[in-house]
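Have the viewer open and follow along.

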Amino acid sequence: MTTLPPPSAKKLGLVIDLDTCVGCHACVVSCKGWNTENYGAPLSDQNAYSAAGQGTFLNRVHSYEVQPDQGAAQLIHFPKSCLHCEDAPCVTVCPTGASYKRQEDGIVLVNEQDCIGCGLCAWACPYGARELDAAECVMKKCTLCVDRIYNENLPEEDRQPACVRTCPAGARHFGDLGDPDSDVSQLVAERGGFDLMPEQGTKPVNKYLPPRPKDVEPEIDILAPYLEPVAQDAKGLMGWLDKALTAMPGGSK
């Protein structure tokens, strides 16, 4: 079994804004594109164009309809990938040491050369963030694009995970969550960021920002203006007719 290193001062991770995510899956596509061409074995697909097709992804987006205590129902798009937990059970359960946590920045990775595809780490992960690649029989997971963020051959603005660089809505943020003065830490503090399933005790580094409550529009009866009387007192021909009918025997007084 593998032991975890002492907690690192630097904790690289993601902050995901559930209020801003529009569920476009651009992060999913860019993640698969980058990680198929670069780090480790390609992310394979099986029968990709059939109804029974399967594939390996490091990042997925799930959508849920949520009914708040007050207000209208909301559609929440929920991106999910490895959370790079401080107390990562996927690391300690690994029998070969293939799954490990880096001391220098807290990123959890898999050494694919040592992975035997036993699946114990996937069973141990409470978030379902690991997937076994059917073609290579090795475990795959988010690497925070470790081959991008330290690559000095890339422009500085590209030295961030592919999903963050690609997100058109600005819903994904990357930085050092171990630094309380970093942009991501400040964002978490301002917006009340939270851990996913804190009861599991894994201390995930990644944080989520809650969706803001939506304004509730007052109910408007669109037919009301047409149902109101046009005039209280009849005038012109209708006024004369009203008076004539009232004056007739049996007319209303």
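In this predicted model, phenylalanine 194 is partly exposed, because its relative accessibility of 30% falls between the 20% and 50% cut-offs. Phenylalanine 194 belongs to one aromatic cluster together with Phe78 and Tyr208. How many aromatic pairs does the structure hold? There are two, and they are described below.

**The pair of phenylalanine 78 and tyrosine 208**
- These two rings are stacked, with 4.7 Å from centre to centre and 15 degrees between the planes.
- The pair links distant parts of the chain, as phenylalanine 78 is in strand β5 (residues 74-81) and tyrosine 208 is in strand β11 (residues 207-209), 130 residues apart.
- Phenylalanine 78 has a relative accessible area of 14%, so this residue is buried.
- Tyrosine 208 is buried too, because its relative accessible area of 1% is under the 20% cut-off.

**The pair of phenylalanine 194 and tyrosine 208**
- Phenylalanine 194 and tyrosine 208 are also stacked, at 6.1 Å centre to centre and with 25 degrees between the planes.
- Phenylalanine 194 lies in the loop between α6 (183-191) and β11, while tyrosine 208 is in strand β11, so this pair ties together parts that are 14 residues apart in sequence.

**Charges over rings**
- Lysine 32 places its charged end over the ring of phenylalanine 57, 4.0 Å from the ring's centre.
- Over the face of tryptophan 34 lies arginine 148, at 4.5 Å from the ring centre.

Note on methods: Residues numbered from 1 in each chain as written. Predicted model: local features only at pLDDT ≥ 70, side-chain atom pairs only at ≥ 80, totals over all residues. Heavy atoms only, no water. Phe/Tyr/Trp six-rings, centres within 6.5 Å; stacked < 30°, edge-to-face > 60°. Helix = DSSP H or I, 4+ residues; strand = E, 2+ residues; numbered from the N terminus. Buried < 20%, exposed > 50% of the residue type's maximum accessible area, 1.4 Å probe, protein only. Lys NZ or Arg CZ within 6 Å of the ring centre and 35° of its normal.
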